[in-house]
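Please open the model in your viewer and keep the selection tool at hand, as this tour moves from one selection to the next.

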Amino acid sequence: MRILIVDDEKIKRVTLADDLAAQGYEVDTAADGEEALEKLRQRHFDVIVADVKMPRVDGLELLRYVKQGEQAPATDVIMMTAYGSIQLAVESMKLGAYDFITKPFRNEDLFPVLARLERERGRRREPRPAETPETEDVDQLVVGQSAVMTRVKKMIEICTRTDANVLLCGETGVGKDLIAQVIHRKSHRRDRPFVKVGCTLFPAHLIESELYGHEKGAFTGADQRKPGRFEIAQGGTLYLDDVDDIPLDQQAKLLRVIEEKVFERVGGTTPIHADVRIIASTKQNLLERVSQGTFRQDLYYRLDVLRINIPPLRERREDIPLLVEHLLKKIAGDKPFTLGPGAMEVLQEHDWPGNVRELYHTLERVFLIGNGEITAELLCSEIAQFPTKTPKTSSERGGIANFQEAINQAERELLERALREAGGNKTAAAAALGMKPSTFRDKLAKHGLG
């Protein structure tokens, strides 16, 4: 493949070119986007590896030029970006970038991305196979047509095209496990293992052994060598469910594995390469955990490369009819079912504190009790046994909000209003509030507004 490296940082540009040439690639370089445009007018390149932030013509402008030109189908673009500019990387994926890699990175970290790209370029020239479950559209796998779920699906599509770490945020039962599986099934790692670790399930003294494995005799009861979840997931995806439950003293080792892609079994000294893609989920506000000192800030930013905020069901009630139809088909199988008068109104009025999981179990119980007839009366009876537990505001409790509660509420309302008035443009909303974009994004994350 013929590769063009575009970076205004000379040392990185030169060393990356040398290392790629040593791998057998034909490599050229440009010091900025304007020089890159001149070279693109003179000859064709299979791949462009470009920094996002550069003088004169930046990486996004260069990407637009490539994707809007005649060479768009034949040229792939990989963006390089700093951790503080992840939003720009996401924007580049929307514009058609193949992938992005975050600085600082080791030059060899780019090799597997290029190898994957080379394989995919070969497959593009082959006849497309018939559709299989692995190639189903995201719309077929994730149910919902509301505006919030449309945004979720767009982020899922972006996540499937890159190996970047993903953080899934949302209440219990919103479907974080499903989305993690969809990302894996739609990614290039689909033929390798998908391994889930429920971080809540293991006591502090066992989580290390569970993640990294142990050698025989490493501790009392370790009568044989045991591979850990990182080892089992080699080449695939490791899903860390409820990552906020990993003890603080274990977070440093997890950070090291993510950064250096190497680990040792408990009681061992042999380094093992960790070729895994990390997807983590949390039902907590991790930035609050960081401020409380119970979650490492550096680990948070390593996990929060791409974030998907999954809304609770009460915030997307318009999706309930589609969900009900989808879930009832799954519950009923080949058996018939009917939805009686008023049943859908009952389902849409409930707040579903347990979200999609609660909806599924409620429908399952009513289907069995009603022998396939889902009536409003049966639904009311079942839902009444598990009343909605929507948190009350201070005014509803009859008390006066404390100072911090009032400040948080006012801050959230300001953020929401700024986003609405800016049409969802976060950079413009931040400017309207006189904030730095990075501060604005952190505050959105704090309030679960993404």
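Begin by selecting helix H2, residues 33-42, in this predicted model, and colour Gly33, Ala36, Leu37, Lys39 and Leu40, which are buried. These residues lie on the same side of H2, because they cover an arc of only 165° around the axis. At the start of H2, look for Asp32, where a side-chain oxygen reaches to within 3.1 Å of the backbone nitrogen of Glu34.

Glu35 is partly exposed at 29% relative accessible area, whereas Lys39, at 19%, counts as buried.

Next, select Arg121 and Asp46, which form a salt bridge of 3.2 Å, N to O. Arg121 belongs to helix H5 (residues 110-124) and Asp46 to the loop between H2 and S3, so the pair ties together parts that are 75 residues apart in sequence.

Finally, turn to the largest nonpolar core, which has 47 residues, and select Leu168 and Ile308, the members that touch the most others. Helix H7 (residues 147-160) supplies the largest share of this core, six residues. Apart from it lies another core, of 32 residues, including Val257, Ile258, Ala274 and Phe295.

How values were computed
Residues numbered from 1 in each chain as written. Predicted model: local features only at pLDDT ≥ 70, side-chain atom pairs only at ≥ 80, totals over all residues. Heavy atoms only, no water. Buried < 20%, exposed > 50% of the residue type's maximum accessible area, 1.4 Å probe, protein only. Helix = DSSP H or I, 4+ residues; strand = E, 2+ residues; numbered from the N terminus. Arc of directions from axis to C-beta. Polar contact = N/O pair within 3.5 Å; in protein donor to acceptor, adjacent residues only side chain to side chain. Core = buried A, V, L, I, M, F, W, Y, C linked by side-chain atoms within 4.5 Å. Salt bridge = Lys/Arg side-chain N within 4 Å of Asp/Glu carboxyl O.
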